[in-house]
Amino acid sequence: MEESKRDLGHEQPKIAEIRPHKLVRHVPLKPHEYIQPITRKKDVFVLSHVGIPRASPTDWWLDIGGLVERPQRIAFSELVKRPKRKVTSLHQCAGFPANPRIATRRYANVVWGGIDLAAFLSEFGVSSEARFVWSYGCDHGQYGDTTSDVYRKDMPIERLTRGDVLLAYEINGEPLSQELGCPLRLIIPGYYGTNAVKWLYRIELANERAKGLYTTTFYNDVEQHADGSQSSKPVWELAPESVIVSPADKQLLTTDRREIWGWAWAEADVDHVLVSVDGGNNWVKAQLEEGDRWAWKRFHLDWTPPGAGTYSLMSRATDRRGQTQPLSDMRNSVYSLSVTVV
Ligand SMILES: Nc1nc2c(c(=O)[nH]1)N[C@H]1C(S)=C(S)[C@@H](COP(=O)(O)O)O[C@H]1N2
Ligand SMILES: [Mo]
């Protein structure tokens with residue numbers, strides 16, 4: 001399990017320290033607080049397995065290696081001279097690596113700024129044998145009962161042809177904070193946050209998946225097939241998900257007509273969202289508003305509570321591939337809340 005720096009053989013940029021040097025998990029907002037279409041930088045959740053490296057942009061670089069004709073080290077100051085692109089995208093943590101069945105609801109919708117990875121890689125002559133893009137973050141340390149000397153992830157190279165993968169150094173027009181990966185991170189719109197490697201210092205082209213703690217040990221879902229066989233699927237694409245913003249859980253309402261509204265997203269794009277006000281017995285299609293390709297979309301439905309009582313409200317998104325949110329026991333299971341009408 002242990003990945004030693006020596007085995008990987010890659011020099012890492014110098015960092016002052018990792019502080020704190022332990023798991024960081026910070027989720028500032030509750031579902032009813034996601035009123036703004038773009039989540040403020042200070043409200044973005046923070047998830048780091050082993051701590052927060054304190055790194056400086058002046059000493060930073062990015063190495064390009066593996067299956068490329070011209071491997072190279074690019075200083076961060078040179079990197080940022082390339083054309084800047086902005087992409088609005090839904091950023092979501094996949095939850096507990098060892099337990100994908102718990103819906104942890106850590107998400108944000110933000111504007112990333114950086115350089116286009118597909119265009120950038122074409123500078124180095126990517127070999128036709130390359131099938132995966134590996135990415136390396138410099139944080140190392142103890143995670144659970146394992147030690148890792150690098151945060152390494154991989155993605156299929158085909159994802160680049162669908163566009164908008166960024167080497168990001170800005171969030172909502174501001175520099176990344178140290179917690180959010182300053183100086184540089186990978187952003188793969190439509191993929192779970194675990195793939196968005198922070199403190200990124202190396203990109204490597206390879207013809208196979210990267211073996212390791214964060215690629216093949218954790219972050220793989222077991223899939224059961226009809227014939228009884230099992231396979232494992234990397235935690236890459238965002239499954240359909242939706243969450244009601246208003247009303248809030250436990251809110252007291254009158255019998256006046258009101259709007260039930262929330263956000264929905266999916267890697268394959270949202271096809272429709274259903275809403276239930278009776279604990280899932282009956283479902284009505286909500287109105288779905290337009291939005292950017294990788295961003296969340298607002299849904300809404302008018303509702304006049306029929307009388308006093310307690311109501312269980314739920315929303316359920318289906319994506320364009322026909323996948324639907326499970327009712328329970330999955331990271332993207334249906335969100336429900338209860339309101340009391342007086
Ligand atoms: N280098 C590094 N990158 C990382 C992680 C990490 O522990 N180390 N955590 C990942 C996980 S699990 C998530 S959900 C996102 C969280 O990004 P945020 O803290 O900027 O919201 O970063 C990802 N990138
Ligand atoms: Mo995560």
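**Charge pairs and cysteines: a colleague's note**

1. Glu-267 and Arg-162 make a salt bridge, with their closest N and O atoms 2.5 Å apart. This pair joins distant stretches of chain: Glu-267 sits in the loop between strand E21 (258–265) and strand E22 (270–276), while Arg-162 is in the loop between strand E12 (151–156) and strand E13 (166–171), 105 residues apart. Keep in mind that this is a predicted model.

2. Have a look at how the two partners are placed. Glu-267 is buried, at 1% relative accessibility, whereas Arg-162 comes out at 42% and counts as partly exposed.

3. The loop between E21 and E22 also holds Asp-269. That residue forms a salt bridge with Arg-320, and here the closest N and O atoms are 3.8 Å apart. Arg-320 belongs to the loop between strand E26 (309–319) and strand E27 (335–341), so the link covers 51 residues of sequence. Asp-269 is buried, with a relative accessible area of 10%, but Arg-320 is exposed at 58%.

4. Now for the Arg-73 and Glu-11 pair, a salt bridge whose closest N and O atoms lie 3.2 Å apart. Arg-73 is in strand E6 (residues 72–75) and Glu-11 in the loop between helix H1 (5–8) and strand E1 (17–18), so the contact ties together parts that are 62 residues apart in sequence. Both ends are partly exposed: Arg-73 has a relative accessible area of 40%, and Glu-11 has 45%.

5. That pair doesn't stand alone. Asp-63 joins Glu-11 and Arg-73 in a network of salt bridges. If you're keeping a tally, the model has 26 salt bridges. As a reminder, side chains of opposite charge can pair when their charged atoms come close.

6. On to the cysteines. How many disulfides does the structure hold? The count is 0. Take Cys-182 as an example: the closest cysteine sulfur is in Cys-138, 11 Å from its own, which is too far for a bond. The cut-off for calling a disulfide is 2.5 Å between the sulfur atoms.

7. Are Cys-182 and Cys-93 buried or exposed? Cys-182 has a relative accessible area of 11%, so it counts as buried. Cys-93 is buried too, with 9% relative accessibility.

Notes
Residues are numbered from 1 along each chain as its sequence is written. Chains are lettered from A and ligands numbered from 1 in the order in which they are written. This is a predicted model: local features need pLDDT of at least 70, side-chain atom pairs count only at pLDDT 80 or more; totals for chains, interfaces and linings use all residues. Side-chain values use heavy atoms; hydrogens and water are left out. Buried means under 20% relative accessible area, exposed over 50%, partly exposed in between (1.4 Å probe, protein chains only). A salt bridge is a side-chain nitrogen of Lys or Arg within 4 Å of a carboxyl oxygen of Asp or Glu. Helices (H or I, at least four residues) and strands (E, at least two) are DSSP runs, numbered from the N terminus.
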